[in-house]
Amino acid sequence: MISHGAVRTALATVRDPELDEPLTELGFVASVEISEHSVRVRLRLPTYFCAPNFAYMMTADARTALEAVPGVKSVEVALIDHHASHEISSGVRAGRGFVESFPGEATDELDELRRLFQAKAFIARQGRLCAELTQRGFTAAQMSSLLLGDLPECEDTSAYLARCEELGLESSADAPFIVDAAGRVPPKESIETHLRFARAVSVSLETNASFCKGLLATRYGSTEEATA
Amino acid sequence: MYEKDGEKYFVVDGHTHFWDASPENTSNKYGEGFIKCFYDYHANLSPEEYLWPLDKYRKYSEDDLMRDLFEEGYVDVAIFQPTYLTDFYANGFNTTEGNAVIKNKHPDKFILNGAWDPRDGDQGLEHFEAMVAKYNLKGAKLYTAEWKGDSKGWKLTDPESYRYLEKCRELGVNKIHVHKGPTIWPLNRDSFDVADVDGAATDFPELTFVVEHCGLPRLEDFCWIATQETNVWAGLAVVIPFIHTRPRQFAKWLGEMLYWVGEDKITFASDYALWSPKWLVEQFVDMQMPEDLVPEYGELTPDIKRRSSDSTWRASTTSRCPMRSPGPRRTRPPTTGPPRSRHDQSRRRAHGSRHRARS
């Protein structure tokens, strides 16, 4: 028998790439059905017109995560209430890939897009940490001389280090804190702009996540998932 | 004119609609999905007392429009932005022709914008020119994500689009309102990407590109472009209603806008009937920057709010600036440091006195 807890843990590793938050926390898991060796999950999104590329990524990632759960022999992930529900659900079920699921509309798989949003998530996390450090009295110059090992021990720091690793960036304690998404230390004269921009990225992701959660709640009346 | 605490505000609502999404006009499930998605926006962000039932929201009357904008909504001038969506709605969702009927009855209250779609080719270009002549249009609303046949969108930098932008330049249609949205082709790219605005704004410096919704959900990309291009503006539609349910989030967003774009290039907009200008104007004028965010973003003075609420008007009436008072300007802490782009350098010069005043 598959454990419900293991299924939820698996789903919690899947993030909305645009919002950098787990599907489980965003309320995107509409239902989970487990029967012996199979698991069936329905995903839902805040709007009918949410971008199909990200929707596809989340659906496919959820399938991959669930397949790794001990005891699971068959997985079905369906996206509901979306203008491309059919293309996405059946494409992921058949393992067709994105290009084949949207013939004539996509020219490539989603790796580049995923990478772009991993970079945004990384910069946003950096911006959030910098906002905290600013509150603690750090100046831009002081922040730019910090190493990863100097960062306060907290959830935001762990999340930041995880994003570093995801991008293949140096994450050891003696690596510099302020780097761009390619791992380069910004030149001294542009550090202010770098930090300002990181702040804008964090405000952007925060706002988007707040709006998406709100729209989901309006659309479904609540963000609680129904479990069966 | 809105008045509060001895301050006067000339209100230009930069984004209004008179739409028809009635079941009779809705052609397919996409049109159905579109208006329901709009309704969720309305329901999620409006104060309870401003909530409409769905059937009224699908199609409201001319009386509703005039009352909500001008009698109760404090709006002095409203800009009609058409959104044709003819693949979803038989007679279009909200058209220049329909808007013109209202404008003809109230010529001083509305500014009429047109629309074009580069996928309509030569015929579309001729039609647009005829519309400009007929209605004396000075602006156009573009919806790069609109579906048409097999196409799910286009880019401002497409060669066909440049022919239309060229025509706008020639005809003096110099306000280009761009709505970015999902499902632009190719589908594997970020469909909200605003990068095409950058290229078009560089190549058409005579035109002003108002990026509606401030590039939401790509604030960061938008800010970057607006910093590089002096002719890129921020339309507050869809963002400003956050002021009610997410005031802190809106304060940060506005703070970012003021930093990267500046109040003279921010346009107030209700996006009526998505939201009603009455409560937006009232809350915007009452709004203060939360105390702990002031060091980052500065105070929100009446002058900043005034300049955001009439920026479009000041820019379009070159002779003089109505309602602009020489009041105190926003102060920004000197610690923010010098921005780097050419746009920011000019901003810094313009704001130099404020820095001096503080030190």
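Q: How many residues of domain 1 of chain A are in contact with domain 2 of chain A?

A: Eight residues of domain 1 of chain A are in contact with nine residues of domain 2 of chain A. This is a predicted model, and every value below is computed from it.

Q: How do I read a nonpolar core, and which residues touch the most other members of the largest one?

A: The general idea is that nonpolar side chains tend to be buried together in soluble globular proteins. Here the largest nonpolar core has 152 residues. Those that touch the most other members are Ala55(A), Ala62(A), Val197(B), Phe209(B) and Val211(B). Helix α9 of chain A, residues 191-220, gives the most to this core, with eleven residues. Domain 1 and domain 2 of chain A each supply at least three residues to the core.

Q: Which residues does Ala55(A) touch?

A: Setting aside residues up to four places away in sequence, Ala55(A) touches Leu45(A), Cys50(A), Leu79(A), His82(A), Ala84(A) and Ile88(A).

Q: How do I read the packing of two helices, for instance α1 and α3 of chain A?

A: Look at the distance between the axes and the angle at which they cross. For helix α1 (residues 4-12) and helix α3 (residues 52-67) of chain A, the axes come within 9 Å and cross at roughly 140 degrees. The two helices, α1(A) and α3(A), are therefore oblique to each other. The crossing of α1(A) past α3(A) is right-handed. On the α1(A) side the contact is made by Val7(A), Ala10(A) and Leu11(A), and on the α3(A) side by Ala62(A), Ala65(A) and Leu66(A). Ala62(A) was also named among the core residues that touch the most other members.

Q: At what angle do α6 and α9 of chain A pack?

A: Helix α6 of chain A (residues 111-135) and α9(A) pack at about 105 degrees, and their axes are 7 Å apart. That angle makes α6(A) roughly perpendicular to α9(A). From α6(A), the residues that meet α9(A) are Lys120(A), Ile123(A), Ala124(A), Gln126(A), Gly127(A), Arg128(A), Cys130(A) and Ala131(A). Their partners in α9(A) are Leu195(A), Ala198(A), Arg199(A), Val201(A), Ser202(A) and Leu205(A).

Q: Is Val132(B) buried or exposed?

A: Val132(B) counts as buried because it has 20 C-beta neighbours inside 10 Å. Val132(B) is found in helix α5 of chain B, residues 121-135. Apart from residues up to four places away in sequence, Val132(B) touches Gly114(B), Leu137(B), Leu171(B) and Val173(B).

Q: What does chain B contain overall?

A: The secondary structure of chain B comes to 16 helices and eleven strands. Chain B has 359 residues, and 49% of them are buried. Among contacts in chain B with a separation of 6 or more, 75% join residues 24 or more positions apart.

Q: How do I read the contact between the chains, and how many residues does it take from each?

A: List the residues on each side, then the elements that hold them. The contact takes 33 residues from chain B and 36 residues from chain A. On the chain B side, the elements giving two or more residues are α1 (29-45), α8 (219-228) and α10 (247-260). The largest share of that side, seven residues, comes from α1(B).

Q: How are α8(B) and α10(B) placed relative to each other?

A: Their axes come within 9 Å and cross at roughly 20 degrees. That makes α8(B) roughly parallel to α10(B), and the crossing of α8(B) and α10(B) is right-handed. Leu219(B), Cys223(B), Ala226(B) and Thr227(B) of α8(B) meet Trp253(B), Glu256(B) and Trp260(B) of α10(B).

Key
Residues numbered from 1 in each chain as written. Chains lettered and ligands numbered in written order. Predicted model: local features only at pLDDT ≥ 70, side-chain atom pairs only at ≥ 80, totals over all residues. Core = buried A, V, L, I, M, F, W, Y, C linked by C-beta atoms within 7 Å. Buried ≥ 20, exposed ≤ 12 C-beta atoms within 10 Å, placed from the backbone. Helix = DSSP H or I, 4+ residues; strand = E, 2+ residues; numbered from the N terminus. Domains from an automatic or database assignment. Contact = placed C-beta atoms within 7 Å. Axes fitted to C-alpha atoms, helices over the stretch in contact; angles between N-to-C directions. Parallel < 35°, antiparallel > 145°, perpendicular 65-115°, else oblique. Left-handed = near helix turned anticlockwise from the far one by under 90°.
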